[in-house]
Structures are given as structure tokens and as C-alpha cells.
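Q: Could you take a close look at the sheet in this model and at the helices packed around it? I'd enjoy one connected walk through that part.

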Amino acid sequence: MRSRHMRSTPAPQFLSILPQERETSVTAQFSIKSNKTIGNWRGTRKSFLTQARQVFQKIIMATTISEVLEDLKRTYEHQPTFLQAVDEIAGSLGSLLDDPENLKVFKVMIEPERSIQFRVVWHDRNGDTVVNRGWRIQFNSAIGPYKGGLRFHPTVDEGVLKFLGFEQTFKNALTGLPMGGGKGGSDFDPRGKTDAEVRDFCVAFMTELSRHIGENTDVPAGTWHLASACCLPLNPWETSMLVHVRLDFCMVHTSVSKTKLLASSRARG
């Protein structure tokens, strides 16, 4: 039985951060007034804090580039073209992605800011209704409005356009101009189509796309004289709509034409 004249020394306040079992053990040792015991307690505390620091570092570094890529593959396993592009960029960056801050940025960059899908309804030479799918992938606007062209091909899908938009982000950044990255297109096949059919498709596609773009938001690349050759003759409503697209959405905006040409030549090498 403990003497009533003996008092146990209270444990220091910082022992509250220790696990319950360790706190009980250290408190018991600390109650014995002995230099040897005090030394043991200090060693135990130092060992515990070292272990806690190591665990904390493991938690911080738990996410590696390999884990990021594996998670992306599980999410987009149906988009192999996009996954291949991300793999190649990650391989090019190499040890830069060992830095946690760089890895955080990369995790954000591999996801597009916005993926827009819409239907494109037009009429063929027989007057039958045809429905195609159109997309605009607005991938990254960190340094400026989205900028990227349009691709029309039967193999086009969301994964292909994400791949193109992802790489377009880096291509545009390398020009030194304030442009983000984006890409758009449709699974429309222009081969074998008449001028009237291409015109009808172009009007339908641009009518839908015009809801999502603007000179301060998204700037699709394009060559106006080719588009106009396909789209003429136009009725007054179509002319008004395409002129609106032309002026506001920078297909051939005079104030940015030099910048567009300079950016295109730099981005394409």
C-alpha cells in the first residue's frame, strides 16, 4: 500500500498527444523520482515522436505518380488514346513528379475543366435526318481562353478529343502566349458528302457549339475561307448566325488574326 505521504509526480501536459497505453506507461515511470527513469522517459518520448513523424511522412507521400496513373486507368479504361497521352507526358516529366507540389498540379491538369457533348442534326441529299455527336473539350484555361481546333472524322470520340486537348494545353503554353488548351469535333465523316450536306452539317454543328464558346472563353481554330466555301449559299438567318460566330468567336477575328497565325505556326513547329 502506498504511503499517504508519497505523492506521484503529475505527467507533463504534452503527454496528452501520446496513445493511451504509452501515456499510462510513461506516467508510471515518471512517477518514480530517478534520474535513470527520467532518462528512459526522454528516450521513449524521442523514439515515439520519430515514429510519429515517419508515419506522417508516409501519409503525405502516399500518393505517387504510379497511383495517380492507376486511378486514371480505372476511371477511363475505355479511353486508351487519352491514357497513352497522359502516360507519355508523365514519362517526359520524370523526376519532376517526385515533388508533391508538382504532383498536385499534374493531378489537376489531367482532368479537363469541362467536357461538352451535344447532338448535331442535319439532312442528307435525300432529305433524311442524320444525327451525329459533337464535342468540345475545354481542357485548361489556367493562362488564357481555351484554344484548339476541330476534327471531323468517324473515329472521333471523347477520348480522342481529350488526348488532343491535353497535348494542346502544353503546345499552346510553349508559344508564350496567354492561351489555354481545348479541342472539339464530331464523328461526322465528310468523305463522299456533297457541298450541300457539308454545309448543312457545318451550320448545325456551329449552331450548337456557339452556345459554349466566345473570344474570352473558348477560341476554336479554323480557316474561314474553307468553312465559307462549304457553307455558301446561306439564307439570311444562317448568314447572321455564322457572321456572329465569325466575329465573336475568333474564327477570323481581325484583332486576333496575327496572334492566331503566330500561335498556330509556333504550336505546329
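A: Of the 269 residues in the chain, 36% are buried. Please keep in mind that this is a predicted model. The chain's secondary structure comes to 10 helices and six strands, and 67% of the contacts with a separation of 6 or more are between residues 24 or more positions apart.

Four strands make up an open sheet, with mixed pairing and the order 1-2-5-4. Strand 1 (114-123) and strand 4 (150-152) are at the edges with a single partner strand each, so one side of each has no neighbour in the sheet. On average, and with direction ignored, neighbouring strands of this sheet are turned by 20 degrees against each other. Strand 1 runs antiparallel to strand 2 (residues 129-140), and 10 bridges join the two. Within this pairing, Val121 has Val131 of strand 2 opposite to it.

Next come the helices that lie across these strands. Helix 6 (residues 158-174) lies across strand 1, strand 2, strand 4 and strand 5 (181-186), and runs at about 150 degrees to strand 5. Helix 7 (residues 195-209) also lies across strand 1, strand 2, strand 4 and strand 5; its angle to strand 1 is about 145 degrees.

The axes of helix 4 and helix 6 are 7 Å apart, and the two pack at an angle of about 25 degrees. Since angles under 35 degrees count as roughly parallel, helix 4 is therefore roughly parallel to helix 6. On the helix 4 side, the contact is made by Thr81, Phe82, Ala85, Val86, Glu88 and Ile89. Helix 6 brings Gly159, Val160, Lys162, Phe163, Phe166, Glu167 and Phe170 to the contact. Sorted by class, the contact of helix 4 with helix 6 has eight nonpolar, two polar and three charged residues.

In helix 3 (residues 65-75), the buried residues include Ile65, Val68, Leu69 and Leu72. These residues are on the same side of helix 3 because they cover an arc of only 95 degrees around the axis.

Methods. Residues numbered from 1 in each chain as written. Predicted model: local features only at pLDDT ≥ 70, side-chain atom pairs only at ≥ 80, totals over all residues. Heavy atoms only, no water. Buried < 20%, exposed > 50% of the residue type's maximum accessible area, 1.4 Å probe, protein only. Arc of directions from axis to C-beta. Pairing = 2+ DSSP bridges. Axes fitted to C-alpha atoms, helices over the stretch in contact; angles between N-to-C directions. Contact = heavy atoms within 4.5 Å. Parallel < 35°, antiparallel > 145°, perpendicular 65-115°, else oblique. Nonpolar A, V, L, I, M, F, W, Y, C, P; charged D, E, K, R; others polar.
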